[in-house]
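Subject: Structure handover

Dear colleague,

Here is the structure I said I would pass on. My notes on it follow below.

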Amino acid sequence: MTNKCCILICIFLLDTLVSFAQTDSLQLKEVTVSAYLQEKPVLRLPSSVSIIDSSDMYRNHGQSLVPVLNTAPGVRMEERSPGSYRISIRGSLIRSPFGIRNTKIYLDEFPLTNAGGEAYLNLIDLNSLDHIEVLKGPDGSLFGANSGGVIRLVTTNSKKNNQVNIGVGAGAFGLFQQNIGVQQKIGKNIFTIHEGWQRSDGYRENSAMDRKFAQLTNQYNYSEKANIRFLFFYSDLNYQTPGGLTLEQMKRDPQMARPGSAFIPGATQQQAGIRNRTYYGGILHEVQISPRIKQVIGVFGSHTLFENPFITNYEIRNENNTGARTWFEFRNKNNAGVQVTLNVGAEGQIMESHISNYGNNKGIRDTVQAIDEVRATQGFVFTRFVADFFNKWIIEASVSYNDNQYMFERQAPVQTSVYKNSLVPQFMPRLAASYLISKTVSLRAIVSRGYSPPTVHEIRSSDNTINTSLKPESGWNYEVGFRVSSKNRKVWWDASVFYYELSNAIVKRINNAGQDYFVNAGGTYQPGFESQFNYQLLKQNKENGMPGVLLTNAYTYQGFKFINYKNGTLDFSGNHVTGIPPHISVTGITMEFPLNFYLFVQYNYTARIPLNDANTVYAEEYHLVQAKMGWKFYNKSRFVMDICIGADNMLDQRYSLGNDLNALGGRYYNPAPGVNYFGKVNLWF
């Protein structure tokens, strides 16, 4: 551990001790989570979770989910260029050249992760979300196969009043953003509609982004005991991919796209980029059959047309995904202070995908390389038993039985027989407990098994081969933690220590043509520590001009190393896991001043990152400072106007917010912008 990291930890611990000595503070809201089938206070929950509410999201500048999710300890989200997301929870990014794997994502109650194992999170407009729930560590007992965790994106808050929101923003590098949101309660309906458009020229060559998004939700409470919920969105996302640079190229011109060579053309020449047009819809019915029995059933489906002119080929996917999720809840009559809950349910999905690859002739597809018909099925059944003793102890035991199957039928260049990748069904058990020591302090302990099968695009990777020998990765996670919430809710502290050992780790390799393929290469040893701390230092008093001050800190330690990890004759056992910084600290301060002015400043320290398995190349540590200030205007009829301006990377750090790991030719770096500015006007009425 470096001296600088030791100092950061000491400052954090000192800040925590000082916080308990303060008395005057504005109350923080009670933290609750609804991902576990019913709303529960986080203080008593036997799980490690982070809640990012609407105020947390609004404090950031609102153009990207990246700075928002990176405020949660244990979460690392990257954006190699605008719209190109990559995310992990307590896990290795070495598996993901792009996109999201080994993390399950839900949009309200509907899975955004498809049967092929991938989720297009970059389709979603940040302004359409009310809050985000992050469940850390493997949790397949209710959510199926995952080895990292679960993210639940919540679109609607039924407790909010009718409102209309209009926002318009602009910033550096051609950034423009507008959004319109409407929520209305009409009789027994809670209706919301959201529209958003965002575009940017990008900091680098060939890094422009354009996304058009529309979302509709409705909740019809047709009786006191039952409701029907509907969700639909359409997203048209188009973003360019500039490609990785070597260190020398980044120093010479960080804005350049990947140049061509004598053997491989460059990103601009090939018009490298991604176009994703997706329709997604779901309908869900919930009924309280009796005071102690509830049943929920939902169906959902999506259609995606995905085009990716890449440097070495041109890929087109036509994907259709359908599925259903249902569960029952049985509760006893609360006798002698003991409340028992039993959940039984199932979820299943089927994806039919037509995938074709062609040569890429300067952004135009030409000769057929491979065409495949792919069928992926994913299903699991689960049961969960929870016992609450005297509002002190919560004991939870749950298990899911998971089955994943893939079939590939090659149509061209030569039609062949069907390839099958039949994975052995797996159990994912989970045992957890929490104890409320007092009204403000709780302890928890968790043992759970993680399991993540290969995705369709890991079995059929960009080299167009079908690797039916690829195995799922799996492992056991052990953790303990505590939470502290002061009586007046001015202090919130949530910390956990965990150890996760993963076997059959799926990792990316690159062939001589620069194409990705995936193998099982051993395992990882993952000890870690996470801390989330919120403290309201001062309560705003408009009468005497006292400002309001909120302090937050999220600290993550990840001492992840390889075990039994080999690449050919090279043994990397004991090396740090590629792509994972050992220390991350994100500290924020929000100040509310008289006359409705406010200021938000956030500091992100990220330690240096190993860029290859041999640990011979590292990305340097970086220090990001982001600031936002604004003014809110109120009138008697509840109309609100917020005008804000801000800056990102105020220290003008040269860094890469998304590295290409184990990159061929040393092209590891995707430079992020230096200091840049933005502004926005929001109206609520």
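In which helix is F143 found? F143 sits in helix α4, residues 140–143. Please keep in mind throughout that this is a predicted model.

F143 has a relative accessible area of 4%, so it counts as buried. Beyond its neighbours within four places in sequence, F143 is in contact with A35, Y36, K104, Y106, L135, V150, R325 and F380.

Cores and surface

The largest nonpolar core has 63 residues, and those with the most contacts inside it are L65, L69, L121, I132, L153 and F233. Strand β14, residues 226–240, gives the most to this core, with four residues. Another core lies apart from it and has 19 residues, including I94, M250, I609 and L661. As for L69, its contacts beyond neighbours within four places in sequence are I52, V75, M77, I87, L121, I132 and V134.

Strands β17 (314–331) and β18 (338–361) each supply at least two residues of the patch. F328 belongs to strand β17 and, at 32% relative accessibility, is classed as partly exposed.

Salt bridges

The count of salt bridges comes to 35. As background, side chains of opposite charge can pair when their charged atoms come close.

D660 and R80 meet through their side chains at 2.8 Å, N to O. D660 is in the loop between β38 and β39, and R80 is in the loop between β4 and β5 (85–89), so this pair ties together parts that are 580 residues apart in sequence. Both ends are buried: D660 has a relative accessibility of 14%, and R80 has a relative accessible area of 18%.

E133 and R152 form a salt bridge whose closest N and O atoms are 3.4 Å apart. Because E133 lies in strand β8 (residues 131–136) and R152 in strand β9 (residues 149–154), the pair ties together parts that are 19 residues apart in sequence. E133 is buried at 1% relative accessible area, and R152 is buried at 10%. The two are also part of a network of salt bridges that links E109, E133, R152, R229, E286 and K294.

D372 and R460 pair with their closest N and O atoms 2.5 Å apart. D372 is in strand β19 and R460 in the loop between α6 (456–459) and β24 (473–485), so the pair ties together parts that are 88 residues apart in sequence. D372 is buried, with a relative accessible area of 0%, and R460 is buried at 1% relative accessibility.

Other side-chain contacts

R76 lies in strand β4, residues 75–79, and is buried at 6% relative accessibility. Its side chain makes a polar contact with the side chain of E78 at 3.0 Å, and another polar contact, of 3.5 Å, joins R76 to the side chain of Y622. Leaving aside neighbours within four places in sequence, the contacts of R76 include N70, R86, I87, G579, P581, T606 and I609.

T241 is in the loop between β14 and α5 (247–252). The side chain of T241 reaches the backbone nitrogen of G273 at 3.4 Å. Beyond neighbours within four places in sequence, T241 is in contact with S81, N206, A267, A272 and G273.

T616 is in the loop between β35 (609–610) and β36 (618–619) and counts as exposed at 59% relative accessibility. The side chains of T616 and N612 make a polar contact of 2.7 Å. T616 and L664 are 48 residues apart in sequence and 14 Å apart in space, C-alpha to C-alpha.

Backbone

Most residues other than glycine have a negative phi, and most peptide bonds are trans. The following are worth a look against that background.

The peptide bond from A412 to P413 is cis, with omega near 5 degrees. P413 is in the loop between β20 (393–412) and β21 (418–422). K362, not a glycine, has a positive phi of about 55 degrees; this residue lies in the loop between β18 and β19 (364–389) and is partly exposed, with a relative accessible area of 48%. N662 also has a positive phi, near 50 degrees, and lies in the loop between β38 (640–648) and β39 (676–684).

Regards

How values were computed. Residues numbered from 1 in each chain as written. Predicted model: local features only at pLDDT ≥ 70, side-chain atom pairs only at ≥ 80, totals over all residues. Heavy atoms only, no water. Core = buried A, V, L, I, M, F, W, Y, C linked by side-chain atoms within 4.5 Å. Buried < 20%, exposed > 50% of the residue type's maximum accessible area, 1.4 Å probe, protein only. Contact = heavy atoms within 4.5 Å. Polar contact = N/O pair within 3.5 Å; in protein donor to acceptor, adjacent residues only side chain to side chain. Salt bridge = Lys/Arg side-chain N within 4 Å of Asp/Glu carboxyl O.
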